[in-house]
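Please examine the model shown here before reading the dialogue.

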Amino acid sequence: MPEFRFCPVCAGQLEMKKREDKVRLVCNKCGYVLYRNSKPCTAVLVENDGKVMLTRRGIEPYKDWWDLPGGFLENGEAPDEGAKRELLEETGMEIEVVELLDIKIDEYGDMGIYTLNFHYLAKPLGGEIRPKSDVIEIGWFSPGEIPDNVAFENCRLALENWKKRKLN
Ligand SMILES: [Zn+2]
């Protein structure tokens, strides 16, 4: 994967160094350690009349594939607040977050960027619902109708969890 080369503090060179048994990027000038974390994301399973809402992606990766609405959290944003914001941005829908379904690690693209995905169950409250932002279509699917082309492993796992709940 592309690695950072310069220190964000002093612009010195970053070097791979061993720190407490792990190899980290460390600045050779000021000693700053660049810690890497999985990026926090939310995805939402909005349910209505026994069906879950999926959104079709208008952008890469996975352009044209179905997806759970959601996205990357902003700095300092609570995951459930991020869920509400993303739904509004992508579909115009206002939601009530019902509960946390699960949390899954995944990889975004093929550049070694890992994501920490909070999956929420939610119900629609209203709004002017239409595809917005990077979404090109909105669809509703019963447990037996989930399409094969769902983007991202973590979304497929969340939908499997949802299906199990619905069928039990
Ligand atoms: Zn530095």
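Q: How should the model and its numbering be read?
A: Residues are numbered from 1 along each chain as its sequence is written. The model is predicted, and local features need pLDDT of at least 70, side-chain atom pairs count only at pLDDT 80 or more, while totals for chains, interfaces and linings use all residues.

Q: Which domains does the domain assignment give?
A: Domain bounds come from an automatic or database domain assignment. Here the assignment gives domain 1 (1-36) and domain 2 (39-167), with C-alpha centres 34 Å apart.

Q: Which residues of the largest nonpolar core touch the most other members?
A: In soluble globular proteins, nonpolar side chains tend to be buried together. A nonpolar core is a set of buried Ala, Val, Leu, Ile, Met, Phe, Trp, Tyr and Cys residues joined through C-beta atoms within 7 Å; buried means that 20 or more other C-beta atoms, placed from the backbone, lie within 10 Å of a residue's own. In this core of 25 residues, they are Val44, Leu45, Val46, Leu68, Tyr120, Ala122 and Ala158. Strand E4 (39-48) gives the largest share, 5 residues; strands are DSSP runs of E, at least two residues, and helices runs of H or I, at least four, numbered from the N terminus.

Q: Why does the length of H1 agree with expectation?
A: The expected span of a helix is 1.5 Å times one less than its number of residues. The 13 residues of H1 should therefore span 18 Å, and the end C-alpha atoms of H1 are 18 Å apart.

Q: What follows H1?
A: Gly92 follows, with a positive phi near 75 degrees.

Note on methods: Buried ≥ 20, exposed ≤ 12 C-beta atoms within 10 Å, placed from the backbone.
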